[in-house]
Amino acid sequence: MFNIYSKAASYCSCLLLMLLPAISQVKAQGALHQYVDPRIGSEGVGRVFIGPSYPFGMVKPSPDCTARPNSGWLPEPAPVTGFGQVHVSGTGGGPKYGNILIMPFTGSLTAIDHSSMREGEKMALGYYSVTLKKHNIKTEITTAERASFYKFTYPKKAAKALAVDAGFFLGEQPVPDSREAQQFVGSEVEVVSDTEVRGYSRIRGGWNNGAAYTVYFHAVFDQPIQNFSTWKGATLQAGKKQQFDSGQKTGALLAFKAGTSDTLKVKVGISFVSEGKAKENVNDGIPHWSFEKTLAQLQSSWNGLLSRIEINADATFDQKKMFYTGLYHTMLMPVNRTHENPLWNGDEPYYDDFYAIWDTFRSSNPLITLISPKRETEIVNALLNIYKHDGYMPDARSGNYNGRTQGGSNAEVLIADAFAKGLTGINYNLALDAMLKDATVPPGGLEEKEGRGGLTEYNKLGYVPYHIPRAGNRTTDYAYEDYCIAMVAKGLGKLSVYQRFIKQADNWRNLWRDNYTQHGAKGFIMPKDSAGRWLDTIPYGTSVNQHPTFTYTPLSREYPWYVCHWCGFFYEATSWEYSLSIPHQIPALVEKSGGREAFKQRLDTLFDKKFYNVDNEPSFLTPCLYHWIGRPDLSTKRIRQIVTENFNTTPTGLPGNDDSGAMSSWLAFQMMGFYPNAGQSYYLLNSPMLKQVTLHQENGKDFTITAKNLSANNMYIKAAKLNGKELNQAWIQHADIVGGGQLVFEMTDKPTNWGTQILPPSNK
Amino acid sequence: MKKLFILFLLAGQAITLKAQQNAVINQGSVIGYNLKLHGQTVAMALTVTRLSDSVVLDWKIRNTAAGRYIFLPDAVIKANKLNFVQPEPNTTITLSNQTFFFISKQAFSDLVKHKSYKYDNTIYDLKGGGKPEMLTVDGKVISVLHVAARNETTEYWILNNPDLPLLCRITGNPLEVDTEITSLK
């Protein structure tokens with residue numbers, strides 16, 4: 001395959017760059033999809049989706065290797081059960097989707113299951129192929145936005161056959177109504193003509209315990225069906241055209257004429273609205289039978305977005321892979337289902353699979369804002385669309401159903417981020433209404449679905465008491481989101497709203513235990529009851545003779561005993577981490593920790609003693625906190641350490657669930673040398689890992705970051721210039737980027753005084 | 001004669017208790033429990049890693065948290081308190097005067113001899129006229145001694161095994177940790 005980044009080609013493109021800047025950009029970036037490696041993060045804890053997908057694409061075809069994995073795929077030796085059409089990427093908890101399974105086989109139409117071992121698996125952006133060993137069938141997959149495309153190559157003169165399973169889904173468990181498991185509701189299949197099969201699969205539950213969703217399909221074949229059987233439950237019926245929905249699993253076995261061709265092409269249109277819409281999606285999305293053309297269109301679509309951020313051509317191959325795969329992962333979700341909403345109609349943007357905003361608000365959405373502010377505007381408008389019709393914005397949503405909340409009502413941060421960064425095309429008055437709904441109206445027993453759990457107590461006490469699940473991070477998250485509300489209200493001139501919520505932004509202090517020390521660190525967010533007593537002073541139980549107290553320390557993950565995964569004081573982190581998660585009042589946090597030196601020691605202890613958890617999102621900003629004590633060099637040192645030890649180009653190259661690109665977007669930012677404080681308008685500057693990064697923005701203005709003399713040793717910033725003027729602070733505003741220009745760093749091998757005096761915003 | 005009869009009766013009961021002592025707990029045994037605490041049901045497994053003058057129990061809860069308790073000989077012999085503090089994951093906790101999910105040999109001896117024992121400032125009396133009860137676990141029948149707290153709501157079913165008198169069932173625990181043995185391997 002031609003690689004434009006070969007030495008010669010690189011030289012040529014440099015010449016073109018000099019001569020024809022506009023054309024060269026397209027040419028130089030034209031093959032960026034080749035640097036995307038879907039295997040990165042696919043094994044271990046990363047759980048990324050490995051199949052083809054459009055950016056924010058609704059259809060995500062992939063092998064389903066048993067019903068267990070979240071993304072569908074598993075490494076060998078798991079067998080391939082079939083190929084499902086809808087998946088998610090990087091998620092934890094119970095699986096979702098994995099609907100409408102197709103599987104090629106040879107021979108007679110007598111068995112439903114054709115699971116097979118595999119060999120020769122290949123993955124690239126937009127393309128997946130594998131040979132199924134059981135019947136020696138090569139399977140290739142690409143996709144359109146709403147229809148998948150398969151090419152099966154059978155052994156010569158074999159009896160070509162295909163199973164279409166409308167009953168399969170991921171996460172099925174033997175225990176009825178098992179929590180987080182998907183549950184079967186119904187399915188239907190119909191052989192419409194000798195080249196068409198349609199039907200649907202209706203499933204409920206999954207990670208967000210959502211209501212039933214329906215995936216409709218319309219599959220078309222490039223050659224006629226010779227004969228078929230359909231099934232319902234365990235009964236296979238030869239020649240029966242339709243199996244209607246009677247609450248049982250259905251499917252079809254199709255035999256195609258032998259001898260005419262060894263290949264079979266299949267297009268599967270998908271819709272969440274109707275079979276007719278699924279047919280339209282396949283006809284509109286792939287109005288031909290060229291697999292190559294479909295693949296080329298998909299690659300082109302990705303290249304258009306990937307080329308928005310251009311990195312130095314002489315970056316190493318691994319750097320390019322890590323960076324562009326990071327961008328790719330960031331744009332897999334949420335998925336654009338505009339006009340695919342079964343709950344209400346309209347032309348407003350409709351996105352699903354926010355999985356979850358708690359994960360993505362910190363880095364994914366800010367990165368999308370830089371790559372495509374129009375896309376982020378659509379996403380925010382989709383949240384408002386959901387608010388208008390469902391009553392609350394989601395913190396997570398999948399299968400057209402809000403849930404689950406993990407802590408805060410973090411959609412508010414997306415709105416504040418959009419507002420602070422000046423995204424246009426958003427009704428911010430409506431957005432403020434949506435934020436205030438979260439902050440003032442309890443969700444009435446649906447706290448796991450949406451809104452703010454513990455809101456009544458929070459508004460009354462100024463904190464969420466410990467008996468309410470996730471009281472700790474709910475309090476810290478709500479305090480930050482109250483700050484976000486205050487900022488939007490202030491910007492809209494709604495001062496009474498501003499005054500209320502800017503006070504509430506201090507609420508994290510109500511759980512701050514000033515005199516508690518551990519490992520030399522002073523002050524922690526700790527659990528309290530409604531009466532204001534610290535948890536570890538409260539006797540538990542009703543015993544007459546014994547009066548034990550709870551054990552709780554800043555390193556405790558769960559209390560008391562092992563309550564459910566969602567019921568601890570903090571979600572997926574400890575007090576060591578969450579006590580540093582106060583993104584709007586970091587100078588106050590420094591002060592409460594005992595001043596700059598004590599804060600430095602605290603951060604050092606966090607990292608050196610491994611209390612920092614790289615595999616989850618609550619600490620994403622933490623390595624940058626050294627900036628607020630005038631030590632950006634230490635931020636850089638920690639970030640380098642984290643990246644070197646935890647990220648690489650292997651299948652296990654992500655240290656935690658990618659969570660819809662959250663982990664990958666964090667990496668992409670750090671490679672570029674800046675990191676957002678989501679919800680606010682500035683970025684912290686760190687030493688880039690790439691010599692040059694150019695943002696080709698939608699507004700037509702380029703912003704270039706150049707790191708002169710960057711090397712493995714020269715990792716510290718000695719001086720910086722922004723558009724030719726000296727820049728002595730380790731942060732810039734979003735407006736600086738949007739306006740276009742040049743940020744140039746001079747790198748050196750020792751920490752310097754650069755960025756030590758003018759600290760990042762304090763929000764006082 | 002009456003005294004002699006009582007002596008015979010006591011001796012007979014002691015022999016009965018001894019005869020029904022359960023010998024299925026060995027080093028390496030794995031005991032499964034369902035904990036019912038704070039409105040939830042959580043699976044816990046205890047592995048008897050050492051059973052000698054000291055006892056080592058490895059625990060695992062919901063397959064996500066695990067840790068170890070070491071009970072020094074003093075605790076195994078004469079502890080008089082149960083530990084109901086949340087186990088700390090990835091940590092080895094050494095106890096010298098407390099037990100966890102079993103009672104000390106001294107307490108068990110008191111129970112057999114006197115039909116009562118004192119633990120956690122609470123007196124527990126043997127129920128059922130002093131006769132062991134039978135619980136079926138994994139298809140196996142195990143002999144347990146059923147006791148009730150005198151001025152609390154707690155009831156324990158204690159494995160009739162002087163080497164390791166495990167708590168097999170807890171109900172009415174005012175510390176809000178009830179349990180039921182679910183497997184024994």
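The crossing of helices α10(A) and α12(A) is left-handed, meaning that the near helix is turned anticlockwise from the far one by less than a right angle; clockwise would be right-handed. Helix α10 spans residues 428-440 of chain A, and helix α12 spans residues 471-491 of chain A. Helices here are DSSP runs of H or I with at least four residues, strands are runs of E with at least two, and both are numbered from the N terminus. The two axes come within 10 Å and cross at roughly 150 degrees. Axes are lines fitted to C-alpha atoms, for helices over the stretch in contact, and angles run from 0 to 180 degrees between N-to-C directions. That angle makes α10(A) roughly antiparallel to α12(A). Angles over 145 degrees count as roughly antiparallel, under 35 as roughly parallel, 65 to 115 as roughly perpendicular and the rest as oblique.

The model is predicted; local features need pLDDT of at least 70, side-chain atom pairs count only at pLDDT 80 or more, and totals for chains, interfaces and linings use all residues. Residues are numbered from 1 along each chain as its sequence is written, with chains lettered from A and ligands numbered from 1 in the order in which they are written.

On α10(A), the contact with α12(A) is made by A:Y428, A:A431, A:L432, A:M435, A:L436 and A:A439. On α12(A), A:D482, A:I485, A:V488 and A:A489 take part. Residues are in contact if their C-beta atoms, placed from the backbone, lie within 7 Å. By class, this contact has nine nonpolar, no polar and one charged residues. Ala, Val, Leu, Ile, Met, Phe, Trp, Tyr, Cys and Pro count as nonpolar, Asp, Glu, Lys and Arg as charged, and the others, Gly among them, as polar.

Helices α5 (residues 317-330) and α18 (residues 662-672) of chain A pack at about 135 degrees, with axes 8 Å apart. They are therefore oblique to each other. Their crossing is left-handed. The α5(A) side includes A:M322, A:F323 and A:L327; the α18(A) side includes A:L667 and A:M671. The contact has six nonpolar, six polar and no charged residues.

Strands β24, β25 and β30 of chain A form an open antiparallel sheet, in that order. β24 (674-676) and β30 (731-733) stand at the edges, each with a single partner strand, so one side of each lacks a neighbour in the sheet. The twist averages 30 degrees from one strand to the next. β24(A) pairs with β25(A) (residues 682-685) over three bridges; pairing requires at least two DSSP bridges. A:P676 has A:Y683 as its bridge partner in β25(A).

How values were computed:
Contact = placed C-beta atoms within 7 Å.
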